[in-house]
Amino acid sequence: MCGIVAYLGKKPAQPILVEGLKRLEYRGYDSSGVAFLDNGSIRVQKSVGRISALEAILNEPEPDQTLGIGHTRWATHGEPNTTNAHPHLDYSGKIVVVHNGIVENYTTLKKWLESEGVSFVSDTDTEVAANLIGYFYGKTGVGADQKASNGQHEFEWAVQQAIQELQGTYGFAILCSDFPDVLIGAKKGSPLILGVGNDEYILASDASAIVEHTTQAIYLADNEMVIITPDGFQTKTISNVTISKDLEQIEFSLEQIELGGFEHHMLKEIFEQPSALRTCMQGRLNLQDKKIVLGGIAAHLRELTRTQKFIFTACGTAFHAGLVGEYLLELLARIPTETEYASEFRYRNPIIEDGTTVIAISQSGETLDTLAAIEEAKERGAAVFGIVNSVGSAIARATDAGIYLHVGPEIGVASTKAFTGQVTVLAMLAIELGRRRHLSSDTANEYLEELIKIPDKIESILGMSDHIKSIAAANIEQDNWLFLGRGFNYPVALEGALKLKEISYIHAEGLPAAEMKHGPIALIADGMPAVFIATAGPQYAKIVGNIEEVRARGGRTIVVATEGDTEIGKHADDLITIPHTPEILQPLLTVIPLQLLAYHAAVLRGNDVDKPRNLAKSVTVE
Ligand code: G6P
């Protein structure tokens with residue numbers, strides 16, 4: 001949610017910032033801007049819309065402009081217009097700021113600054129931060145060549161003073177026209193990474209904007225700042241204690257974040273699922289020894305096996321993976337499990353007793369609601385683990401231990417491979433805990449053997465993409481869809497509906513199939529598509545009954561069934577068959593046609609699949 005990038009080095013900054021912003025565009029894409037120091041003053045250029053719109057208005061890059069900051073925005077305070085776009089100048093015109101996060105006490109600070117005679121031009125919380133830094137900078141009353149008494153320069157001092165007044169979250173990159181070779185970054189709550197190259201530094205919200213230039217990085221922690229000059233960088237706490245930080249290796253490559261011949265990141269990520277899941281299981285699932293090794297939680301297995309109650313907490317797609325995890329843990333390990341939206345968990349006084357383990361699930365590792373739920377759980381004394389994709393992210397750091405997905409970076413805003421990665425990890429966890437409790441080793445081994453076959457089976461479903469496209473095309477005029485499943489496929493129905501809503505803007509509802517008759521059946525009208533997951537399993541006959549209820553009322557049935565089911569064709573207007581797998585693993589297969597259906601529907605409707613309207617990939621506001 002909002003992406004920031006800043007450059008200090010020897011190359012012209014502008015092309016590097018623009019390229020970095022394009023890589024960060026999935027974080028927010030309603031407006032963007034850049035700022036450079038220009039002969040003692042600051043030049044800001046901003047535009048509404050995508051980075052391409054900004055690019056169109058930018059001047060030719062100047063070779064000696066080797067320092068600059070940029071931002072791509074997902075509006076929180078103030079509509080997406082040029083005035084509210086970042087970078088924001090302070091009232092003196094000497095300080096310029098890009099910001100990711102939310103200044104929660106901005107109203108109070110704004111009133112106070114106004115009472116001090118400071119004027120504002122935008123509706124944003126960020127301008128308050130810029131003006132506050134400017135206010136403190138003005139207080140120093142000294143020029144560029146004077147130093148504050150404690151050895152700091154006054155720009156750095158002013159940033160520290162201002163930031164200490166801010167409540168909320170921030171990743172900042174800040175310039176001051178009196179200090180033409182200084183870039184300052186500061187972090188709390190929102191991510192900020194410093195890429196350290198040869199004679200150049202790239203400060204960015206995430207590694208995708210850095211990896212083209214260097215794979216060496218410093219991950220700033222909360223309440224830390226970095227002061228960068230051509231001579232090097234210094235890391236400090238916001239309260240001015242110098243700290244030393246280790247250089248870390250960025251874990252992914254440029255190739256992983258490029259389109260690689262696919263039309264969209266989402267399609268690439270759907271097709272990457274077989275290889276992503278193989279990597280996710282690699283080194284963890286050993287068929288020879290019939291063992292699961294989950295290194296990240298190995299030291300906690302006794303505690304996890306004795307857990308009295310699990311609570312999964314997550315948002316969006318990760319919440320749906322949590323629901324599958326609930327079914328898996330309860331069935332295989334016989335441990336009571338609840339799945340809670342992170343936003344609800346935090347505010348409803350959750351019951352955490354001795355023996356309760358909270359597991360946060362998140363692709364980005366940044367989602368603020370999930371982070372807040374983790375804090376709440378910790379305060380109440382729960383052990384908190386994470387199932388996270390983004391290595392080193394805030395959620396990964398905030399949890400006691402966890403399991404990384406290792407499915408590679410996910411750029412498409414609609415989550416796909418992260419979901420199957422999360423379910424794969426949850427299946428491994430449930431089988432392992434089950435084996436340590438009630439599950440026979442024969443049954444556990446059978447599941448392991450089936451789990452390892454999943455990537456090949458996904459590959460065969462991906463081969464049906466054109467068939468699924470034709471189903472999307474046949475139903476594309478319909479504005480209301482239902483997704484229905486039972487048991488393990490109920491969360492998949494929710495996920496299928498979410499995918500369709502997110503990227504095709506078609507209204508869709510996911511339901512447990514049996515619930516349809518308690519209300520939603522009233523919606524069924526001529527031609528309304530109802531997507532049923534009717535795979536082999538104990539509830540098969542019941543769901544066939546539900547399909548007929550829809551057909552009797554003129555609905556159009558799109559049915560996902562198991563290969564070899566010779567009866568189901570009679571009940572389906574459109575049929576998609578998937579390979580056989582045990583019911584507990586079916587979500588890993590049944591979700592694939594639903595991802596493709598949503599993808600093709602969105603393309604057919606002419607939507608921007610990777611950057612759907614109003615959404616952002618990581619949501620760092622409550
Ligand atoms: C946003 C994204 C969703 C994602 C959800 C949770 O809403 O658009 O695709 O499922 O956040 O994100 P997380 O990174 O915590 O999994």
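Reply: Happy to! Helices α15 and α19 are roughly parallel to each other. This is a predicted model, in which local features need pLDDT of at least 70 and side-chain atom pairs count only at pLDDT 80 or more, while totals for chains, interfaces and linings use all residues. Residues are numbered from 1 along each chain as its sequence is written, and side-chain values use heavy atoms, with hydrogens and water left out.

Me: Why are α15 and α19 called roughly parallel?

Reply: The axes of α15 (residues 441-462) and α19 (residues 587-604) cross at roughly 25° and come within 9 Å. Angles under 35 degrees count as roughly parallel, over 145 as roughly antiparallel, 65 to 115 as roughly perpendicular and the rest as oblique, so the pair is roughly parallel.

Me: What makes the contact of α15 with α19 nonpolar or charged, by class?

Reply: Contact means heavy atoms within 4.5 Å. Leu451, Ile454, Lys457, Ile458, Ile461 and Leu462 of α15 meet Leu588, Leu589, Ile592, Pro593 and Leu596 of α19. Here 10 residues are nonpolar, none is polar and one is charged. In this scheme Ala, Val, Leu, Ile, Met, Phe, Trp, Tyr, Cys and Pro count as nonpolar, Asp, Glu, Lys and Arg as charged, and the others, Gly among them, as polar.

Me: And what is the angle between α8 and α15?

Reply: Helix α8 (residues 273-281) packs against α15 at about 170°, with the axes 8 Å apart. That angle makes α8 roughly antiparallel to α15. By class, their contact has nine nonpolar, one polar and three charged residues.

Me: How do you know whether Glu410 is buried or exposed?

Reply: Buried means under 20% relative accessible area, exposed over 50%, and partly exposed in between (1.4 Å probe, protein chains only). Glu410 has 3% relative accessibility, so Glu410 counts as buried. Glu410 sits in the loop between β22 (401-404) and α14 (417-436).

Me: Which side chain joins that of Glu410 in a polar contact?

Reply: It is the side chain of Ser415, at 2.9 Å. A polar contact is a pair of N or O atoms within 3.5 Å; within protein, one must be able to donate a hydrogen and the other to accept it, and residues adjacent in sequence count only if both atoms are side-chain atoms. A polar atom of the Glu410 side chain also lies 3.2 Å from the backbone nitrogen of Lys417.

Me: Why does Pro520 count as buried?

Reply: Its relative accessibility is 16%, so Pro520 counts as buried. Pro520 belongs to the loop between β24 (507-512) and β25 (529-534).

Key. Helices (H or I, at least four residues) and strands (E, at least two) are DSSP runs, numbered from the N terminus. Axes are lines fitted to C-alpha atoms, for helices over the stretch in contact, and angles run from 0 to 180 degrees between N-to-C directions.
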